Amino acid sequence: MDTSIANKTFNNALPNPENFMGFLRQIERKWQKKWEEARIFETNPYSNKPKYFITVAYPYPNSPQHIGHGRTYTLADVHARYMRMQGYNVLLPMAFHYTGTPVLAMSKRLAANDEDLIDTFMRIYKVPEKRLKDFHDPLNMARYFHEEIKAGMKEIGYSIDWRREFTTIDPQYNRFIEWQFEKLRQKGYISQGSHPVGWCPNEGNPVGQHDTRGDVEPEIGELTLIKFQYNEWILPAATLRPETVFGVTNVWLNPKVKYVKAKVDNEQWIISKEGVEKLRYLNRKVEVIETFNGSQLIGKHIKNPVTNREILILPAEFVDPKSATGVVMSVPGHAPYDYVALENLGKAETQLKEFGLTPEIVAAIKPISMIAVSEYGEFPAGDVVQKMGIVSQLDPKLEDATKEVYRHEFHTGKMKTNTGKYAGFAVAEAKDKVKEDLIEENKAESMYELMNKPVFCRCGTECIVKIFKDQWFIDYGKPQWKKLAHKQLDKMRIFPEELRAEFNYVIDWLHEKACARKSGLGTKLPWDPEWKIEALSDSVIYMAYYTTVLSLREHGIRPEQLTDAVLDYIFLGVGDTSEVAEKAGLEPSVLEQMHEEFSYFYPLDSRHSGRDLVPNHLTFMIFNHIAIFPEELWPRQIAVNGSVLMEGQKMSKSYGNIIPLREAIEMFGADPLRLAVLATAELLQDADFSPTLAKSMRDRLERLHRFAVETTQMKASETAEAPVLTATDRWMLSRLQYHIRRATEAMDKLAVRKAIHSALYELEQDFQWYLRRIAEERKSLKGKAAIAKVFSEVLDAKVRMLAPVTPHICEEIWEKMGREGFVSLAAWPKPDEAKVDFSAEENETLIQNMLEDTLNIFKATSITPKKICYYTAASWKWKVYLKALKKSVSDKIIQSELITELMRDAEMKKAAKHVAKFASQIIDEVNRMPSEKKRRQLKIGIMDENETLKEAEAFFKREFNAEICVYNEEDPDCHDPKKRAQLARPYRPAIYIE
């Protein structure tokens with residue numbers, strides 16, 4: 001409710017607006033303490049309620065969480081709180097991921113006195129300088145930030161069962177992970193061999209997403225190196241499109257970088273200096289013979305090994321010597337970048353002269369058409385470049401142009417006759433066939449490269465691809481495993497649904513994944529302890545461990561007691577209880593208890609995460625559950641959200657816009673912060689946070705609190721008067737049921753933004769209208785009991801609907817309302833169908849429409865009204881309108897059929913001309929009307945618009961400061977000097993102003 005409407009007599013009960021922030025912080029501490037003392041979020045099995053198990057990615061304790069992290073974890077908490085209010089026994093646990101390189105890399109950088117990192121820790125993370133030396137030990141750093149993150153999670157109000165907290169280096173957890181890997185190995189999912197991996201040359205370890213700066217997953221692609229011939233030397237040009245070799249017109253080299261002549265295995269190659277180490281990491285034997293400037297080869301002729309055409313080497317500073325071999329083939333007919341580069345080079349006379357070339361020589365190089373595509377002419381690259389208006393190699397639209405050409409060529413392109421035996425092949429087929437043949441004929445080879453380079457290790461080194469010998473891998477490429485993963489994905493709920501295609505794509509392209517490394521914290525590989533299991537492999541079934549960690553602690557179970565047989569029994573129900581327990585030195589009842597706890601909570605009901613984990617962790621979770629657990633225990637749901645921007649920019653230390661979570665809570669308050677990260681974007685969209693937004697959310701919560709104080713004091717001063725509801729009261733209560741329904745539907749789909757908008761914005765709009773309509777009644781205290789009832793019901797529903805999102809302020813209001821217990825444990829509101837009043841809603845919509853239409857006339861005519869006349873439709877118009885509605889429910893109305901049917905009515909027949917004219921006017925409107933609205937209006941039937949508008953006369957008079965007259969167009973004493981009454985229609989009375 002707007003503060004201007006609040007009754008001034010209640011002001012003394014409200015916190016001073018300037019102190020509302022202090023009030024929020026006070027009630028946050030109050031309710032967090034009460035929750036903890038009452039242990040309301042400690043979840044035990046065997047409840048009479050159905051269980052609901054939610055997890056969210058456990059964090060790396062290598063820095064404090066910031067506002068961006070807050071979105072993912074707050075969404076999970078809102079989901080948990082909502083399901084709790086829906087009657088479920090909800091478990092939301094938390095742990096900390098010490099494993100892998102994130103903590104280790106940070107610790108090493110601090111030990112090396114990395115000035116940027118030291119500045120970040122002190123200035124942004126507010127770590128005391130004297131603590132930094134302690135962080136040279138990675139465990140000290142992890143423990144520090146572990147407590148920092150945990151404190152932030154408590155301060156923002158997450159409903160976590162902290163009894164189940166653990167770290168991934170706990171000895172008992174290590175045994176659990178060893179058991180997981182033994183199971184994977186026994187089933188043939190783990191192998192040792194040589195495979196390409198993302199690699200940090202400095203650390204000497206494979207790298208995955210969680211080992212890189214910015215959590216970037218190294219994407220490894222296989223390029224084809226086509227061997228162009230220069231005398232006895234080979235220039236291997238890297239390409240993703242070997243089928244386009246028939247269209248090569250020249251080769252590009254960078255004249256300003258160093259190239260080498262080298263013996264590569266048994267051949268003589270010319271490659272960039274940077275390419276030497278790349279090839280060596282791919283297990284090629286490379287011996288450098290000579291280093292020279294690329295400019296020395298510009299203007300030389302080389303031979304296309306496939307077409308045997310002589311082509312030129314041309315200069316191109318855009319050639320990246322760090323990309324593959326530093327040799328690039330040019331296909332201007334089908335590659336927009338090459339088309340534009342040739343066009344630009346032909347105009348660079350000064351540059352060409354430096355290499356003994358002329359514009360005429362370049363102009364003589366013509367594109368070669370070798371793929372037919374129906375969407376384009378001879379040269380698709382040229383067509384797209386001209387269509388997009390691209391004239392420079394620096395134009396970012398070139399990337400889109402390249403994707404467009406490739407998409408059309410790959411899906412619909414056919415190889416032309418100048419491609420020899422490949423003529424008529426689809427491009428998708430020719431691509432693999434050409435590559436296969438060229439490799440077999442020794443005219444090409446394969447090379448692995450990072451497709452999303454540059455990718456940097458957390459130590460700061462640029463990553464490369466390495467063929468790693470004797471590396472341990474999880475083989476996600478196994479066809480049967482993929483088939484089961486697709487099957488499970490089909491059964492799962494994915495929020496938002498549009499991500500299902502992305503999951504399917506990831507399942508298809510996943511292959512061998514390095515699962516161990518030789519440095520960092522973590523669990524040792526049980527059969528090869530020199531290796532430690534890496535961070536994206538020990539975090540895929542840990543949800544199961546949450547279910548038993550409490551019992552492990554309660555009974556003091558040691559790691560060595562968690563034998564494979566014990567873990568088989570707990571998680572798979574395999575083995576004889578007494579026999580397994582006796583061998584492990586456990587009580588059979590304890591073993592049985594742990595199995596029952598696991599069986600109660602599993603399967604996992606919902607997994608929350610950011611979108612960046614779709615290509616790895618979330619998909620790995622599906623695969624690993626399939627490998628280890630029976631089908632009935634596979635996960636049921638995944639919810640994925642986008643990231644958080646800071647005032648339109650990506651959060652980054654370089655932008656100086658990172659705000660640690662605890663600092664943000666101190667600045668804005670927990671509830672305003674929760675609202676701010678959730679209210680502006682749907683699940684997959686990026687939320688745009690700003691301090692201004694957070695403050696506006698705080699203002700909204702202040703208005704909510706003021707409304708609550710007014711409502712509770714209104715309730716306290718109630719008399720014994722029985723509430724007699726007016727049409728306006730009934731309208732408000734009916735609209736309330738609509739908003740409850742809308743918010744519930746949204747929350748069921750995890751569309752939290754929509755739920756917030758229903759409960760906080762749309763309901764508020766209706767309530768503000770209600771206040772406007774009852775202004776006179778409130779002044780006179782007429783209908784006080786009814787108004788108090790409406791206020792009370794609106795507040796009750798609003799507080800319940802906002803409780804998952806803003807739990808602290810809602811608990812405070814709940815207490816003020818005199819309710820027992822916690823709103824966190826109260827029932828979510830349910831729409832009361834008995835209070836749904838379509839007639840009241842249509843009546844109020846009519847009044848709103850008349851207000852808007854009248855104001856629009858004032859605006860258009862600049863008239864100052866003295867008298868306003870409203871004319872409602874004649875009864876025969878209502879009959880025609882309802883007949884048209886009824887006919888249109890099943891099919892579109894045809895005018896002739898409608899009129900024929902109407903003429904069967906004797907009354908209609910008398911006014912045939914008017915009836916036909918009116919019917920023709922409403923047909924389009926009725927045909928376009930949503931079916932739900934049709935059914936609703938048919939249910940209401942003829943609406944007494946005269947009565948509705950007359951009841952609102954006082955309201956209109958107050959709004960317009962004019963005399964109000966209401967007539968039916970058939971009234972004999974109707975004041976209608978301009979003949980406007982005849983324009984009246986059902987639901988659209990006519991208006992005359994004088």
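**Ground rules.** I number residues from 1 along each chain as its sequence is written. The model is predicted, so local features need pLDDT of at least 70, side-chain atom pairs count only at pLDDT 80 or more, totals for chains, interfaces and linings use all residues, and side-chain values use heavy atoms, with hydrogens and water left out.

Entry 1: I looked up an open sheet of three strands, in the order 28-27-29, with mixed pairing. Strands (E, at least two residues) and helices (H or I, at least four) are DSSP runs, numbered from the N terminus. Two strands pair if DSSP finds at least two bridges between them. Strand 28 (963-968) and strand 29 (990-993) are at the edges; each has a single partner strand, so one side of each lacks a neighbour in the sheet. I then checked strand 27 (residues 867-872): six bridges join it to strand 28, and the two run parallel. Ile868 has Ile964 in strand 28 as its bridge partner.

**Entry 2: helices on the sheet.** Helix 30 (residues 838-861) packs on the sheet and touches strand 27 and strand 29. Contact means heavy atoms within 4.5 Å. Helix 37 (residues 953-960) also packs there, touching strand 27 and strand 28.

**Entry 3: Ser107.** I found Ser107 in helix 3 (residues 101-111). Is Ser107 buried or exposed? Ser107 is buried, because its relative accessible area is 2%, and buried means under 20% (1.4 Å probe, protein chains only). Not counting residues up to four places away in sequence, Ser107 touches Phe135, His136, Asp137, Pro138 and Met141. A polar atom of the Ser107 side chain lies 2.8 Å from the backbone oxygen of His136.

Note on methods. Axes fitted to C-alpha atoms, helices over the stretch in contact; angles between N-to-C directions. Buried < 20%, exposed > 50% of the residue type's maximum accessible area, 1.4 Å probe, protein only. Polar contact = N/O pair within 3.5 Å; in protein donor to acceptor, adjacent residues only side chain to side chain.
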